[in-house]
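This report covers selected local features of one protein chain. Please read it alongside the sequence and the coordinates.

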Amino acid sequence: MPAVVYAIPAFVLLVVVEALSYRFLPDDDERGYELRDTVTSMSMGAGSQVVAVPWKAATILLYAVLFTAAPWHLSPASGWTWVLLFFADDLAYYAFHRAHHRVRVLWASHVVHHSSVRFNLSTALRQSWTPMTGLPFWLPLALLGVPPWMILLQQAVSLVYQFFLHTERVDKLWRPVEWVFNTPSHHRVHHGSNDVYLDRNYGGILIVWDRLFGTFEPEGERVRYGLTKNIDTYNPLRVAFHEFAAAWHDVRAARRWRDRAGYLFGPPGWTPRTQG
């Protein structure tokens, strides 16, 4: 059973609390909740957990194989192992997240999470039904000798932390916190479809990777949530697979193999150069 499952009752309770806060303490500058949008997010979250059960079993098996082949095994009893795991997992998440915004076939999986035009705690539950695309980014941790159960536990810790980033109810925090950690302000930027906010703030728990690799953007102008071209649907199946369908349509229509490759492995929105 995925560890994050045990946090689901708390997630649902906090969604209700935040929704009630909008009911009794409305804010004209915040979009709040809309019933159909929230139901869709909850449905995507439930579906992702159904897929996660067998997929986690396969993931554990592969981690175990690589861990067995690792030249050394790090001890869970050592605090330094946990420190290494924290930073290695967070860097793996940054790489995963950035790749899933810059490679269309990966974006087709991740776009689910960005498909709402609202930003609240229920948005955190709007998860992909195709988690398989994330596996390669954490395999090096098993080869480093980190026990598989530790990798899965740290992934769950990161996901729980990121749940709390999905809110408009928290303003900017103390400056040193904003400088080091991912915060609701930084993550609002990440979910923005404003030109200045596209492909920014990929961090999981830390924001330092974005600062180091040039993908950081502070929150300035008001964030416009959703996609650059919104899908305007609450149908979970369409939310889950619409970009895969669009990519397949483009691949079938392309006449050259390099264009087919571009539609799959280029960035979202890639189009062939006009031939002269």
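## Arg200 and its loop

Arg200 lies in the loop between H8 and H9; helices here are DSSP runs (H or I, at least four residues; strands, E, at least two), numbered from the N terminus. The model is a predicted one, in which local features need pLDDT of at least 70 and side-chain atom pairs count only at pLDDT 80 or more, while totals for chains, interfaces and linings use all residues. Residues are numbered from 1 along each chain as its sequence is written, and side-chain values use heavy atoms, with hydrogens and water left out.

With a relative accessible area of 27%, Arg200 is partly exposed; buried means under 20%, exposed over 50%, and partly exposed in between (1.4 Å probe, protein chains only). Leaving aside neighbours within four places in sequence, Arg200 is in contact with Val189, His190, Thr215, Phe216 and Glu217, where contact means heavy atoms within 4.5 Å. From Arg200 to Ile8 the C-alpha separation is 28 Å, and the two are 192 residues apart in sequence.

## Positive phi values

Asp199 is also found in the loop between H8 and H9. Its phi is near 55°, a positive value in a residue other than glycine. Asp199 is partly exposed, at 23% relative accessible area.

Asp232, in the loop between H9 and H10, has phi near 50°, again positive in a residue other than glycine. Asp232 is exposed, with a relative accessible area of 69%.

## Salt bridges

Side chains of opposite charge can pair when their charged atoms come close. A salt bridge is taken as a side-chain nitrogen of Lys or Arg within 4 Å of a carboxyl oxygen of Asp or Glu, and by this rule the count comes to 8. One of them joins Asp250 and Arg104, with an N to O distance of 2.7 Å. Asp250 lies in helix H10 and Arg104 in helix H4 (residues 104–110), so this pair ties together parts that are 146 residues apart in sequence. Asp250 counts as partly exposed because its relative accessibility is 22%, whereas Arg104, at 7%, counts as buried.

In another salt bridge, the closest N and O atoms of Arg188 and Glu219 are 2.9 Å apart. This pair links distant parts of the chain, 31 residues apart: Arg188 is in helix H8 (residues 184–190), and Glu219 is in the loop between helix H9 (208–213) and H10. Both Arg188 and Glu219 are buried. A further salt bridge brings together the side chains of Arg256 and Asp259 at 2.9 Å, N to O. Arg256 is partly exposed at 22% relative accessibility, and Asp259 is buried at 8%. Salt bridges that share partners also join Arg104, Glu243 and Asp250 into one network.

Ala254 is found in the loop between helix H10 (236–253) and helix H11 (257–265). Its relative accessibility is 9%, so Ala254 counts as buried. Not counting residues up to four places away in sequence, Ala254 touches Asp259, Arg260 and Tyr263.

Apart from neighbours within four places in sequence, Thr38 is in contact with Tyr33 and Ser122.

## Packing of H2 and H6

Two packed helices are described by the angle between their axes and the distance between the axes. Helix H2 (residues 35–69) packs with helix H6 (residues 148–163) at an angle of about 130°, and their axes are 9 Å apart. That makes H2 oblique to H6. Axes are lines fitted to C-alpha atoms, for helices over the stretch in contact, and angles run from 0 to 180 degrees between N-to-C directions. Angles under 35 degrees count as roughly parallel, over 145 as roughly antiparallel, 65 to 115 as roughly perpendicular and the rest as oblique.

On the H2 side, Lys56, Ile60, Tyr63, Ala64 and Phe67 take part in the contacts; on the H6 side they meet Pro148, Ile151, Leu152 and Gln155.

## A nonpolar surface patch

Ile8, Val12, Val16, Leu20, Phe24 and Leu25 make a nonpolar surface patch of about 550 Å². Patches are made of residues with over 30% relative accessible area and no salt bridge, with like charges joined within 9 Å and nonpolar side chains (Val, Leu, Ile, Met, Phe, Trp, Tyr) within 5 Å. Accessible areas come from the Shrake-Rupley method with a 1.4 Å probe; for residues, only the protein chains shown count as cover. Phe24 belongs to helix H1 (residues 8–24) and counts as exposed, at 61% relative accessibility.
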